[in-house]
Amino acid sequence: PEGLAVPEGRVKPWGTNHAVMMAADAVHEPFAVINADDFYGAEAYKTIGDYLAQLGESRNSYCMVAYDLNKTLSENGTVSRGVCGVDPKGDLTSMVERTQIERMPDGQIVFHEPLSEDTPVSMNLFGFTPDFFTYSKEYFKVWFEANKDNIKSEFYIPTMVNKLIGDGTATLRVLRSAAQWHLSLIHISE
């Protein structure tokens, strides 16, 4: 943003939420954000599309598609997931990044402590209304000042979501998917 300079030595991108911010001038209606390296399944796209289609001119009303943890594990090692807290209405209360999640030989899923098979987790399939851009632009300046000395820090979507949920600015409906998540293998050659 204007008035801020890239710290010396910074080569890493600013993170997923900063990438979303770059679409602000082109997007003027409810929109979905996905990771390019995940295969979400047709059902997940329909679920989020149906929700976004009914928002109209709404503000501060977001959504995400959450998967059951047991359907997002890898047979090739541990995974990191945004473990979601959900209230009785189906709205997000918290999203905490957990790393080193794995299924043990006895079948139990653990991250320093056991996790339930059906724990809702974020796979970065979010839906937002355009006001999200304004909040992101404002908060990026605050985040930048707090993180400018860490040349590896990133402004993630969950960082912004947790801020907006935590301060009561927005709600985020957690839409559940019964689908099996798959990592897409993309090879890009120069």
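Predicted model: local features only at pLDDT ≥ 70, side-chain atom pairs only at ≥ 80, totals over all residues.

Student: Okay. In what order do the elements of the chain run from the N terminus on?
Tutor: The order is α-β-β-α-β-β-β-β-β-β-α-α-β-β. In total, that comes to four helices and 10 strands.

Student: What radius of gyration does the chain have, and what would a compact globule have?
Tutor: The chain has 17 Å. A compact globule with 190 residues would be near 16 Å, so the two agree. The C-alpha atoms fill a box of roughly 55 × 45 × 40 Å along the principal axes.

Student: How much of the chain counts as buried?
Tutor: 42% of the 190 residues.

Student: And what share of the contacts joins residues at least 24 apart?
Tutor: 74%, counted among contacts between residues at least 6 apart in sequence.

Student: Let's do cores. Which residues touch the most other members in the largest nonpolar core?
Tutor: Tyr62, Met64, Leu92, Phe126, Phe128, Val161 and Leu172, out of 29 residues in that core. Several elements each supply at least two residues, among them helix H1 (16-21), helix H4 (157-166), E5 and E9. Helix H3 gives the most, six residues. Apart from this core lies another, of 23 residues, including Leu52, Ile109 and Leu125.

Student: Back to Leu172. What does it touch?
Tutor: Leaving out residues up to four places away in sequence, Leu172 touches Tyr62, Cys63, Met64, Gly90, Asp91, Leu92, Phe126, Val161 and Ile165.

Student: Asp91 is on that list. Where does it lie?
Tutor: Asp91 sits in the loop between strand E4 (79-86) and strand E5 (92-103).

Student: Buried or exposed?
Tutor: Buried, because its relative accessibility is 8% and the cut-off is under 20%.

Student: Which side chain does the side chain of Asp91 make a polar contact with?
Tutor: That of Arg173, at 2.8 Å. Beyond four places in sequence, Asp91 is also in contact with Gly85, Val86, Thr171, Leu172 and Val174, among others.

Student: New topic: H2. Which of its residues are buried?
Tutor: Ala44, Ile48, Tyr51 and Leu52. They cover an arc of only 100° around the axis, so they are on the same side of H2.

Student: Why would residues three or four places apart point the same way?
Tutor: Because an α-helix has 3.6 residues a turn.

Student: What's exposed on the other side of H2?
Tutor: Ala42, Lys46 and Ala53.

Student: And what covers the buried residues?
Tutor: The cover includes strands E1 (31-33), E3 (61-68), E8 (120-128) and E9 (171-177).

Student: How far does H2 reach?
Tutor: H2 has 12 residues, 42-53, and reaches 16 Å from first C-alpha to last. That is close to the 16 Å expected at 1.5 Å a residue.

Student: Last one: Trp143. Where is it found?
Tutor: In helix H3. Trp143 counts as buried, because its relative accessibility is 6%.

Student: What does Trp143 touch, not counting residues up to four places away in sequence?
Tutor: Trp14, Ser153, Glu154, Phe155 and Thr159.

Student: And how far is Trp143 from Ile157?
Tutor: They are 14 residues apart in sequence, and 12 Å apart in space, C-alpha to C-alpha.

Definitions and conventions: Residues numbered from 1 in each chain as written. Heavy atoms only, no water. Buried < 20%, exposed > 50% of the residue type's maximum accessible area, 1.4 Å probe, protein only. Polar contact = N/O pair within 3.5 Å; in protein donor to acceptor, adjacent residues only side chain to side chain. Contact = heavy atoms within 4.5 Å. Expected span 1.5 Å × (residues − 1). Arc of directions from axis to C-beta. Core = buried A, V, L, I, M, F, W, Y, C linked by side-chain atoms within 4.5 Å. Rg over C-alpha atoms; globule rule 2.2 N^0.38 Å.
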